[in-house]
Amino acid sequence: MMSVQETIPEGLRPEVEATLAWFNAREDVAFEVTGILDPEAALEASGTRELRLVLCGGDRCEQRSFRVSAADEDYEVALLDDDQAQAADGQRQAELDPPPGARRGWLDRTLGQHAFVVLVFYRGFW
């Protein structure tokens with residue numbers, strides 16, 4: 001069973017930080033890492049690691065997979081193809097629910113501006 005962890009293990013922090021910097025350099029909004037899928041599997045890998053991160057930025061949260069390997073004093077990062085995001089049975093993995101707290105600041109600001117707020121959750125999108 002796949003596990004999602006909100007805190008990044010200490011042994012993966014340099015790779016995750018390098019991956020986030022690489023990803024943000026290609027996006028129009030700044031993302032932050034709010035979770036990691038199967039961190040134990042990534043920790044067990046030596047050399048090139050596959051990181052499956054939950055990234056939130058702007059008005060969306062996404063799960064993206066990266067290949068990260070050490071290169072001199074830095075890291076080489078590559079985005080894995082979307083085809084690899086499919087499960088073993090050939091079905092795409094369902095969208096992840098946003099992690100708790102990813103929108104807590106937004107909700108606090110919005111509640112201060114309105115009498116009430118309606119949140120609609122639909123199949124991983126909110």
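**Close-up views of a predicted model**

**View 1. Arg 13 and Glu 10 form a salt bridge, with their closest N and O atoms 3.3 Å apart.** A salt bridge here is a side-chain nitrogen of Lys or Arg within 4 Å of a carboxyl oxygen of Asp or Glu. Arg 13 counts as partly exposed because its relative accessible area is 37%, and Glu 10 is exposed at 59%. For these words, buried means under 20% relative accessible area, exposed means over 50%, and partly exposed is in between (1.4 Å probe, protein chains only). Keep in mind that this is a predicted model: local features need pLDDT of at least 70, side-chain atom pairs count only at pLDDT 80 or more, and totals for chains, interfaces and linings use all residues. Residues are numbered from 1 along each chain as its sequence is written, and side-chain values use heavy atoms, with hydrogens and water left out.

**View 2. Glu 15 and Arg 49 make another salt bridge, with 3.4 Å between the closest N and O atoms.** This pair ties together distant parts of the chain: Glu 15 sits in helix H1 (residues 13-24) and Arg 49 in strand S3 (residues 49-57), 34 residues apart. Helices (H or I, at least four residues) and strands (E, at least two) are DSSP runs, numbered from the N terminus. Both Glu 15 and Arg 49 are buried.

**View 3. Arg 64 pairs up with Glu 62 in a salt bridge, the closest N and O atoms being 3.0 Å apart.** Arg 64 is partly exposed, at 23% relative accessibility, while Glu 62 is buried, at 16%. Searching the whole structure turns up four salt bridges.

**View 4. Strands S4 and S5 form a hairpin with two residues between them.** S4 (60-71) and S5 (74-79) run antiparallel and pair over six bridges; strands pair if DSSP finds at least two bridges between them. Look for Ala 70, whose bridge partner in S5 is Tyr 75. Most residues other than glycine have a negative phi. Asp 72 counts as exposed because its relative accessibility is 86%.

**View 5. Asp 38 lies in the loop between strand S2 (32-37) and helix H2.** Asp 38 also has a positive phi, near 45°, without being a glycine. Next, find Ala 41 in helix H2 (residues 39-44). Ala 41 is partly exposed, with a relative accessible area of 47%. Its C-alpha atom is separated by 9.0 Å from that of Leu 51, 10 residues apart along the chain.
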